[in-house]
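Welcome, and thanks for taking a look at this model. Here is a short briefing on a few of its local features, grouped by topic.

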Amino acid sequence: MIDLSKLVQGRQLSELDLQLLKFIINHIDHALQMGVREIAKRNYTSPATVVRLSKKLGYQGFTDMCYKLMPMIKEVKIPQQNEQIDFLEISQKDFFRYNRQEDIDSFIQNVLNIKEKYIFIYATGFSGIAAEYLYKKLLVLGKKAIFASGTDSIGVFESNLNDIGVLIVITRSGETEKVIEKLRIAKERKIYTVSFTNESTNRAAELSNLNFKIYDDYKLDDRNMLPNIFFPRLLAVIEFLIYEYFKLINRK
């Protein structure tokens, strides 16, 4: 089940670009073997157009695009009768595949140790559920926090810019336009930014001072219809960050 909306959101793609992208996705298992020239030939365009498409999507080139798209397009694995899978397994090793101890230290220093100003948390859709959890977690820790979602006016953010010390956003794809907009405003105002996204290359990660990458089983399932433990992993990461914070406090 593939939803291209977040993959192409914010990209200036033509109808031909979309045609090429759908063709590559439909033939992803053989795209590299076919190569740029064959794909261009089958779509009645030039090899340069195929290469430009990969650059528009933020990849280094055609080969990089194919390698990055492959794990995003895998089909749902439905377990057979009596077959067991480790669906509920959440591993600390998985976290450190994409993140470093230095990232945790930066979060504690720049977010959890902030004194005077507010921590502003923003997310939409399913991500908003996790964002509200983080917001309430920070409140019980005695931190000054504000939570806003896609249903709130942008004025909630803009009216408090002078009092915001940190902006935290949660966006599974890293391509949600409302989130990108706030990250850009925060960057202009030199507000420290933290994003929680999936592990793929995305604009939110690039715009943030600090990015935490969470493994996402189905990156193109934008409506979150498939069984996926991205959000349970995310909540576990939030608790892990708090755990590391208390470890530091106890050492002191």
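Tyr44 is found in the loop between α3 (31-42) and α4 (47-56), where helices (H or I, at least four residues) and strands (E, at least two) are DSSP runs numbered from the N terminus. Please keep in mind that this is a predicted model, in which local features need pLDDT of at least 70, side-chain atom pairs count only at pLDDT 80 or more, and totals for chains, interfaces and linings use all residues. Residues are numbered from 1 along each chain as its sequence is written, and side-chain values use heavy atoms, with hydrogens and water left out.

- Most residues other than glycine have a negative phi.
- Tyr44 is not a glycine, yet its phi is positive, at about 55°.
- Tyr44 is exposed, with a relative accessible area of 77% (buried means under 20%, exposed over 50%, partly exposed in between, with a 1.4 Å probe and protein chains only).
- Lys190, found in the loop between α10 and β4 (192-198), has a positive phi of about 60° although it is not a glycine.
- Lys190 is exposed, with a relative accessible area of 76%.

- Arg172 lies in the loop between β3 (164-170) and α10 (177-188).
- Is Arg172 buried or exposed? Arg172 is buried, at 9% relative accessible area.
- Its side chain makes a polar contact of 2.7 Å with the side chain of Asp216 (a pair of N or O atoms within 3.5 Å; within protein, one must be able to donate a hydrogen and the other to accept it, and residues adjacent in sequence count only if both atoms are side-chain atoms).
- The side chains of Arg172 and Asn224 also make a polar contact, at 3.3 Å.
- Leaving out residues up to four places away in sequence, Arg172 touches residues including Ser127, Tyr218, Phe230 and Phe231 (contact means heavy atoms within 4.5 Å).

**Packing of α8 and α12**

- Helix α8 (residues 125-140) packs with helix α12 (residues 230-251) at an angle of about 20°, their axes 10 Å apart (axes are lines fitted to C-alpha atoms, for helices over the stretch in contact, and angles run from 0 to 180 degrees between N-to-C directions).
- α8 and α12 are therefore roughly parallel to each other (angles under 35 degrees count as roughly parallel, over 145 as roughly antiparallel, 65 to 115 as roughly perpendicular and the rest as oblique).
- From α8, the contact is made by Phe126, Ser127, Ala130, Tyr133, Leu134 and Lys137; α12 contributes Phe231, Leu234, Leu235, Ile238, Glu239 and Ile242.
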